[in-house]
Amino acid sequence: LSRKQYYFWVIGSTLVLFRFINDNVHMIQMTFFLLWTCMESVAAAEKGKNWKAGAVLGLGIAIKTMPLPFLAYFLYRNKLKAGAATIFFVAFYLLLPGLFLGFYKNAQLLQDWWGVINPGNAEHSIETDLGYHGLTALVPVYFTETVGTIPIPRNLVSWSPERAILMMNIARFLLVLGTLFFLRTKPFSDAPSPAHRCRE
């Protein structure tokens, strides 16, 4: 794009997205910021700025784990230095509050945080109440009887919770496997073009 076309594209995109950005901020979410950390880190890694890529992506992961798959993307695309820098900065950002809160208090907070985000916890296996979004709220309720806020049975079959959780894990695996559709190239090689990288 020419410089004029580039500015037109940026301004036009921002205007189109303004409502969604406004709603995101109003709902006290950070999705657009986390998306920026993903895109900026990939752009920095492509320019060989591995420390910048790691610092930006590490910040996103430390705030919320949603950008974590981009660490796997760095490894898949043979950006090992950017991946190592990301791991370093995630640890750095998670340990940094210890300077102000004390080591033991920070360790307790990290332990509590892990208890909340750990996908292996029993309470995160099947979500039945209103407001939950994700595979844990979508998949298991179709395969086992659940009791929640909605009084209408939603299950198609009545399997044990263990089998329903197995189906959810299969769905997770297929979703991860589906990302290979966007990569479409062998691992440990660069993306064939900037357009391909953008699609990824």
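Read along the sequence, this chain runs α-α-α-α-α-α-α-α-α-α, with ten helices and zero strands in total. Keep in mind as you look around that the model is predicted. Along the principal axes, the C-alpha atoms fill a box of roughly 60 × 45 × 40 Å.

**Helix H1 and what follows**
- H1 covers residues 3–26, which is 24 residues.
- From first C-alpha to last, H1 reaches 33 Å, close to the 34 Å expected at 1.5 Å a residue.
- Just after H1, the backbone at Ile28 takes a positive phi of about 55 degrees.

**How H2 and H3 pair up**
- H2 spans residues 31–46 and H3 spans residues 50–63; their axes come within 8 Å and cross at roughly 160 degrees.
- Angles over 145 degrees count as roughly antiparallel, so that is how H2 lies relative to H3.
- The crossing of these two helices is left-handed.

**Who makes the H2–H3 contact**
- From H2, the contact draws on Phe33, Leu34, Trp36, Thr37, Cys38, Glu40, Ser41, Ala44 and Ala45.
- From H3, the partners are Asn50, Lys52, Ala53, Val56, Leu57, Leu59, Gly60 and Ile63.

How values were computed. Residues are numbered from 1 along each chain as its sequence is written. This is a predicted model: local features need pLDDT of at least 70, side-chain atom pairs count only at pLDDT 80 or more; totals for chains, interfaces and linings use all residues. Side-chain values use heavy atoms; hydrogens and water are left out. Axes are lines fitted to C-alpha atoms, for helices over the stretch in contact, and angles run from 0 to 180 degrees between N-to-C directions. Helices (H or I, at least four residues) and strands (E, at least two) are DSSP runs, numbered from the N terminus. Angles under 35 degrees count as roughly parallel, over 145 as roughly antiparallel, 65 to 115 as roughly perpendicular and the rest as oblique. A crossing is left-handed if the near helix is turned anticlockwise from the far one by less than a right angle, and right-handed if clockwise. Contact means heavy atoms within 4.5 Å. The expected span of a helix is 1.5 Å times one less than its number of residues.
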